[in-house]
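Subject: Structure for you to look at

Hello,

Here is the structure I promised. Please open it next to this email and follow along.

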Amino acid sequence: MKILVVEDDELIVQSLVHTLAQSHHIVDTAGDGISGWEFTQVSNYDLIVLDVMLPKLDGISLCRRLRSRGINVPIVLLTAQDNSTNKIIGLDAGADDYITKPFDLQELTARIRALLRRGSTVLQTHLQWENLRLDPNICEVTYNNKLIRLTPKEYSLLELFLRNPARTFSSGAIIDHLWSLEETPGEDTVRAHMKGLRQKLKAAGVVKNLIENVYGIGYRLKSFDDSQNKKKSKSKSQKEKTIENIETTNSEIAPSQTTGAIKHSPQIAAIWERSQEKLSNRVATLETATAALLQDSTDTAIVNRAYQDAHKLAGSLGMFGFDFASRLASQIEQLLQPGISLAQEQKLNLSELVVALRSELKQVSTHVNSTGASTKLKSAQEKVKPVLLIVHQDNSLVSELAVQAISRGVELQKAANPQIARELIAQRRPDVVVLDLISDREDGLKLLAEVNCFTPSIPVLVLTDQDNFIDRVQITRLGGQAFVHNPKEPVAIIEAVTGILQQSPNSMVRVLIVDDDTEVLNMLVEILKPWGLEITTLEEPLKFWDALKATAPDLLVLDVEMPSLSGIELCKVLRNDPQYSGLPVLFLTAHSSPDIMRRVFAAGADDFIKKPVVGPEIVARILNRIERTRLLRNFAQIDPLTGLANRQKSTVEINKILKEAERQNQPLCLAVLRITNLQQINAQYGHNIGDKVLSLTAKVLHNTFSKQIVSRWAGAEFVLCLYPIELDYGNNVLCKCIGNIIQKTLNIHKDKQVRVFINMGMSQQSQDGTNLATLYQTAMSRCTR
């Protein structure tokens, strides 16, 4: 379970973290109320331990804010104030339990266990699958009453799947649930723990693959019925056996029986067709180097070139789906490492591997040609249409939606029920889903939760006949991104879908990929292009800095081993420049040795992917990293209470507009608004009402000046930059806006009228000053009621 502790006393924090970690809980900590709030916006928690007396934002106010936003996780309040009034206030604020300091750690952990059981979807005191039993109270796992010893992470993995038997978890979702925000594991770490868990369960007698892979999506707990059916099956397909071998053993390489099975699109098959000659030339280099070594030649240049070509072959062949050929190339690469002197037996082994690789490539080419996999590449200018999946039983509505979708360049897929939708999603991932909850609410909600587990998640527009707050909260928590009540007009639904597609965070994401292997670059472009990413590729590392400045990427992908400059050296150069020090960097490498990993992360990497690259994995890694970077950037630039730009962000934007106004000789006004009695409102009605006043003020300002810069600079101070607007006109509009705010806030309290007093001051560029500091001081001096 993942727990957030919001406490400013370091001694208490350390004790809680140590105690909770012993019970296999993942713990994040925050030292003030604002940080605690921000943590809840980044990650999902199973329980929150919250101190009442916190800096910046007290625990009671934070508790109220969490509940007002529909965050219903169990909350335990900690306080040194032991009286009934304070307990009542805390519980009324939405807390589930209340414990006074000093407290007994065992008592606190017992209360936490009780709340977790109460809030869990599994109400039993233990979790069970067939004869496998997990007891959360004593953190023990048994099978047929025999104890299974698991590491803390293996235990947490098993508990996660047993508590959520119907959910499919991506690697990213598992990381969010089982690792704290301070840790940055990759998907290889998840796979390693999953492998360890499966091996220990198998050794204890549990049926194989209790937790099964869902290709391209993640992992899920196998249902008992599925496992029984599998037992009855007398044989397995070669593909299943191959997957099992890869996941559970480190056995010797065996030739694949499905040689040449390109696992990707016709576009990638066409890249393979164009690449065959280059791949053949690389194998020829290996053959030349092998012959030289067998003749005891001292020509190191040809051996070094062969080493580089073997490295490229291992990556590109694996990306095309030829795992056996890729592993052959990897073994050849290991033997050709610079500085290694080979014995005669190793040289003969090298020769056998090269012959096997050449033979495998011939079989691959024959298989591809015979199966017609070499479909011609479509025009690069052909635009990929977004895919809409509608899950609805009303054929007439679906037909009308199809007409509207086609007219707007959207491809439509139809599913009469959630089960058919699951099959379609497995075949082709849609860009957005329209889900009808009117016909089959229970299975529809289940599908919504499953889709939300995808990495990255698929936006879902929910159609329902229930319009109440609790219903909206449930749908939102399950991943619904839009909500339509009693839908009748297809045009309205398509407009909502279009809005979701336009809001896609991937539409303007720029990615720069640096790799000296052309095949790898072409493959990555084809894998990433359908996700709306703007991809720039670079083969020559020496041109890196010019490409970086020209593209201004949101994320950088670097190969570790390249001629002239390695990816590690490029990353170090990047991190030494303040402008690019925060740019996310993802490494590609054919090696995952501890030394390589240490050097990669020491250089400043954010993540790494081992070659051969798997399409869904690199897509998920890139989109997750970009999304996390955006969230962190938002925390630094956006006021969490009002959603407006803060002083730091708005200062940059206003200075840009000032230069534009001067260049275009257009009018610009700066306005300052101050709620003069906010402190009295907080004292008389409570901070919750004060927060509502600020939020409502921000909302009215934003709606009135939607195309202008609206920001919150201090507790009760808002700053607006109005361009191109004259002073008199801006003053009139702002006065009406203030009147609207005062009128709306009168009824913000359910029992009493709240009177809000606002001062306003304005200044104009040129006549009152030319820079932001001068304009701000002038506007402040004119602040009058």
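This is a predicted model: local features need pLDDT of at least 70, side-chain atom pairs count only at pLDDT 80 or more; totals for chains, interfaces and linings use all residues.

Start with helix α23, which covers residues 594-602. Which of its residues are buried? They are I596, M597 and V600. Look down the axis of α23: the buried residues fall within an arc of 95°, so they line one face of the helix. That buried side has neighbours. Its residues pack against helix α22 (567-575). They also pack against the strands β21 (585-589) and β22 (607-610). Now turn to the face pointing away from the buried side. There you find the exposed residues P594, R598 and A602. After α23 comes G604. The phi of G604 is positive, near 115°.

Next, find strand β15, residues 432-436. How many of its residues are buried? The count is 5 of 5, so to speak a mostly covered strand. Check where the residues point. V432, V434 and D436 point one way from β15. V433 and L435 point the other way. In a regular strand, side chains alternate between the two faces of the sheet. Here, the residues pointing either way are all buried.

β15 also has strand partners. One is β13 (residues 387-391), which pairs with β15 in the parallel sense over 4 bridges. Within that pairing, V434 of β15 is the bridge partner of I390. Another is β16 (residues 460-464), which runs parallel to β15 and is joined to it by 4 bridges. In that pairing, D436 stands opposite L463 of β16.

Best wishes

Key:
Residues are numbered from 1 along each chain as its sequence is written. Side-chain values use heavy atoms; hydrogens and water are left out. Buried means under 20% relative accessible area, exposed over 50%, partly exposed in between (1.4 Å probe, protein chains only). Helices (H or I, at least four residues) and strands (E, at least two) are DSSP runs, numbered from the N terminus. The arc is that of the directions from the helix axis to the C-beta atoms. Contact means heavy atoms within 4.5 Å. Two strands pair if DSSP finds at least two bridges between them.
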